[in-house]
Amino acid sequence: MQIGGKTKVCGLIGNPVEHTLSPLIHNHLAKAMGEDLVYVPFLVENQNVEAAVKGAYALSITGLNVTVPHKSAVIPYLKELDPLAEKIGAVNTLVRTEGGYKGYNTDMSGLLRAMKSEGIQIEGKETLLLGAGGASRAVAFMLGTEGAKKVYLLNRTIDRALAVAKEVNEAVGREVIIPMSLSEYKSLPGQKYLCIQGTSVGLYPDCDKAVIEEPDFYEMVDVAVDLIYKPADTRFMTLCREAGAKAYNGLKMLLYQGVIAYELWNRVQVDESLCQEIYGKMKEAVKV
Ligand code: ATR
């Protein structure tokens, strides 16, 4: 591309940022959509988050993605916060507005769009959610907000599950999240559930692990999403498939969180065919 005086700059702040797929997503989108925009990763140390957000604004940077470990740390330095991002308490996209950045959480709108694209329904569904860390907490908010009937939140550390349930149930205004320890799935009614895997177990290079190994757990699943995308087929997904369930990884969530950020920065709508083209490139890039 030709970088000139009018080229818009967007980027990612995080630590580390070396392995990010976001430049692939955004630079491909910009090229395909004829937008004079370049996207670059910026390594930001923990003590420099305020300087990075204010400095980016001073440099007229159009928009930023925010990744681990800065998703909550950026919030005090924003002009405005989207209501869902405020509830979740984590921001992954900053959009330039008059006087400062507005923070959004496109991880969750990205997961929602990814699930819709696979025909997975949330409203009225009984759901199993594995994990109560930062990622699962955001998913719990999303499932509660999108009208899941019940979300059985299973976590190794029950106190963390209790804390997430309390917080989400209060914010959503109904007792939708039911906290449990991992082995308590045995007490659930024997029906088929939507299951979301939000723990870090099974993440590359620990590819041979799943947070629950017992085959009878997987008999309860009819459709599953693992937030992990590396490896492309996690042990959790394999166990789901062996029990006859459909299973998807987190790569489409990553794609759509980027697409939605791009749409916010450029006030455009990205075609589904272009999303699929980029998805193909992402699949190539994460092969292990
Ligand atoms: P993230 O922000 O990616 O969600 P996190 O906040 O560290 O990361 O959360 C990691 C999640 O994976 C937690 O639910 C954690 O369970 P605990 O709350 O009990 O720590 C879960 N997890 C990580 N390693 C695990 C393991 N070996 N067995 C079971 N759960 C595990």
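Here is a friendly conversation about a predicted model, in questions and answers.

Visitor: Which residues come nearest to the ligand?
Guide: Let's start with the surroundings of the ligand. There are 13 residues around the ligand. Those that come nearest are A135, N155, R156, T157 and R160.

Visitor: What percentage of the ligand's accessible area does the protein cover?
Guide: On its own, the ligand has 640 Å² of accessible area. The part of this area that the protein covers is 66%.

Visitor: Why is the pair of Y39 and W265 called tilted?
Guide: A pair of aromatic rings is described by the distance of the centres and the angle of the planes. Planes under 30 degrees apart count as stacked, over 60 as edge-to-face, and the rest as tilted. The ring centres of Y39 and W265 are 6.1 Å apart and their planes stand at 35 degrees, so the pair is tilted.

Visitor: Which residues do ring pairs link into a cluster?
Guide: The structure holds six aromatic pairs. Ring pairs also build a cluster. Its members are Y185, F217, Y218 and F236.

Visitor: At what distance from the ring centre of Y279 is the charged end of K252?
Guide: Two lysines are worth a look here. K230 lies over the face of Y204, 4.8 Å from the ring centre. The charged end of K252 sits over the ring of Y279, and its distance from the centre is 5.2 Å.

Visitor: Where in the chain is P205, which a cis peptide bond joins to Y204?
Guide: The bond that joins Y204 and P205 is cis, with omega about 10 degrees. Another cis peptide bond runs from N15 to P16, with omega near 10 degrees, and P16 is in the loop between β1 (8–14) and α1. As for P205, its place is the loop between β10 (193–197) and α7 (215–218).

Visitor: Is S60 buried, partly exposed or exposed?
Guide: S60 is in the loop between α2 (49–58) and β3 (63–66). Its phi is near 60 degrees, a positive value in a residue other than glycine. Buried means under 20% relative accessible area and exposed means over 50%. S60 has 47% relative accessibility, so it counts as partly exposed.

Visitor: Is R267 buried or exposed?
Guide: R267 lies in the loop between α9 and α10 (272–286). It is not a glycine, although its phi is positive at about 50 degrees. Because its relative accessibility is 75%, R267 counts as exposed.

Visitor: With which residue does the side chain of D107 make a polar contact?
Guide: D107 is in helix α4 (residues 106–117). At 12% relative accessibility, D107 counts as buried. Its side chain makes a polar contact at 2.7 Å with the side chain of K71.

Visitor: How far apart are the C-alpha atoms of C195 and L129?
Guide: C195 is in strand β10 and is buried, with a relative accessible area of 0%. Along the chain, C195 and L129 are 66 residues apart. Their C-alpha atoms are separated by 5.8 Å.

Visitor: How far apart in space are P23 and G258, C-alpha to C-alpha?
Guide: P23 is in helix α1 (residues 22–33) and counts as buried at 17% relative accessibility. In sequence, P23 and G258 are 235 residues apart. In space, C-alpha to C-alpha, the distance is 9.6 Å.

Key. Residues are numbered from 1 along each chain as its sequence is written. This is a predicted model: local features need pLDDT of at least 70, side-chain atom pairs count only at pLDDT 80 or more; totals for chains, interfaces and linings use all residues. Side-chain values use heavy atoms; hydrogens and water are left out. A residue is near a molecule or strand if one of its heavy atoms lies within 4 Å of it. Accessible areas come from the Shrake-Rupley method with a 1.4 Å probe; for residues, only the protein chains shown count as cover. Rings of Phe, Tyr and Trp (its six-membered ring) pair if their centres lie within 6.5 Å; planes under 30 degrees apart count as stacked, over 60 as edge-to-face and the rest as tilted. A charge sits over a ring if NZ of Lys or CZ of Arg is within 6 Å of the ring centre and within 35 degrees of the ring normal. Helices (H or I, at least four residues) and strands (E, at least two) are DSSP runs, numbered from the N terminus. Buried means under 20% relative accessible area, exposed over 50%, partly exposed in between (1.4 Å probe, protein chains only). A polar contact is a pair of N or O atoms within 3.5 Å; within protein, one must be able to donate a hydrogen and the other to accept it, and residues adjacent in sequence count only if both atoms are side-chain atoms.
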